[in-house]
Amino acid sequence: MKYRTLIAFGGAFALAGCGLNSVPTADENAKAKWADVENYYQRRADLIPNLVATVKAAGAQEKAILVEVTQARASASQVKVSGADLNDPAKVAAYEKAQAGVTLSLQRLQEAYPELKSQDNYKTLMDQLEGTENRISTARHDYNDAVQAYNTTIRTFPDAIGAKVFYGAKPLVPFTATTRGADVAPTVNFGNTN
């Protein structure tokens with residue numbers, strides 16, 4: 001009876017030292033880290049185009065308001081009334097109408113000014129771009145660390161025995177940069193041509 005217990009403990013100790021638990025633990029950790037990399041790539045693919053569209057829309061709104069103010073001011077400056085024209089009700093009315101157009105445009109600009117935030121939108125976009133790329137870089141680094149730990153586990157004694165016998169473990173491939181695919185940061189384009 002004591003002999004069987006001693007053999008059972010010895011067998012359990014030998015199996016524990018042969019990677020029975022450490023190999024799948026390291027494998028699952030590496031897979032989880034890769035899932036993090038993919039998650040951040042997806043975050044980038046989902047977030048950045050939406051942020052760019054938001055910035056473009058806000059910039060277009062601001063541009064339209066500023067163009068309207070500029071045009072109203074230009075048309076108001078084209079209508080001139082001299083001292084001799086003060087007796088002509090049509091010329092005075094045209095002058096007043098042009099000046100009212102500028103006033104209306106300036107009021108719209110003033111009312112919209114709290115909503116004119118393209119500068120803030122650009123800053124938010126830049127912050128999100130930097131944050132996203134930092135998350136991806138960190139996730140790739142964590143994945144490579146997990147791959148290194150797994151590959152070291154399956155190649156070192158005594159875990160290498162269990163890795164081959166029980167799991168048929170093969171080394172995982174660390175992340176390396178490529179020239180195309182989801183690992184390429186999107187190009188931010190606001191439609192400007194130079």
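Q: Which residues form a nonpolar patch on the surface, and what is their accessible area together?
A: In this predicted model, the nonpolar patch on the surface is made up of Phe157, Ile161, Val165, Phe166 and Tyr167. One of these residues, Val165, is found in helix α5, which spans residues 159–167, and Val165 has a relative accessible area of 61%, so that it counts as exposed. Taken together, the five named residues have an accessible area of about 550 Å².

Q: Which side chain of opposite charge is nearest to Asp159, and how far away is it?
A: Asp159 has its place in helix α5, where it is buried and yet has no salt bridge. A salt bridge would need a side-chain nitrogen of Lys or Arg within 4 Å of a carboxyl oxygen, whereas the nearest side chain of opposite charge to Asp159 is that of Arg155, at 12 Å.

Q: With which side chain does the side chain of Asp159 make a polar contact?
A: Although Asp159 is buried without a salt bridge, its side chain does make a polar contact, at 3.3 Å. The partner in this contact is the side chain of Ser22.

Q: How many salt bridges does a search of the whole structure find?
A: One of them joins the side chains of Lys31 and Asp27, another is formed by Glu133 with Arg44, and the side chains of Asp127 and Lys123 also meet in a salt bridge. For the whole structure, the search finds three.

Q: What is the N to O distance in the salt bridge of Lys31 and Asp27?
A: Lys31 and Asp27 are four residues apart in helix α2 (residues 22–78), so about one helical turn separates them. Lys31 is partly exposed, with a relative accessible area of 47%, whereas Asp27 is buried, at 15%. Their side chains meet in a salt bridge with an N to O distance of 3.2 Å.

Q: How many residues apart in sequence are the parts that Glu133 and Arg44 tie together?
A: The closest N and O atoms of the salt bridge between Glu133 and Arg44 are 2.8 Å apart. Because Glu133 lies in helix α4 (residues 118–155) and Arg44 in helix α2, the pair ties together parts of the chain whose separation in sequence is 89 residues.

Q: Is Arg44 buried or exposed?
A: Its salt-bridge partner, Glu133, counts as partly exposed at 28% relative accessibility. For Arg44 the relative accessible area is 2%, and since the cut-off for this class is under 20%, Arg44 is buried.

Methods
Residues numbered from 1 in each chain as written. Predicted model: local features only at pLDDT ≥ 70, side-chain atom pairs only at ≥ 80, totals over all residues. Heavy atoms only, no water. Patch = residues over 30% accessible without salt bridge, like charges linked within 9 Å, V, L, I, M, F, W, Y side chains within 5 Å. Areas by Shrake-Rupley, 256 points an atom, 1.4 Å probe, with all protein chains shown as cover. Helix = DSSP H or I, 4+ residues; strand = E, 2+ residues; numbered from the N terminus. Buried < 20%, exposed > 50% of the residue type's maximum accessible area, 1.4 Å probe, protein only. Lys, Arg positive; Asp, Glu negative; His and termini not counted. Polar contact = N/O pair within 3.5 Å; in protein donor to acceptor, adjacent residues only side chain to side chain.
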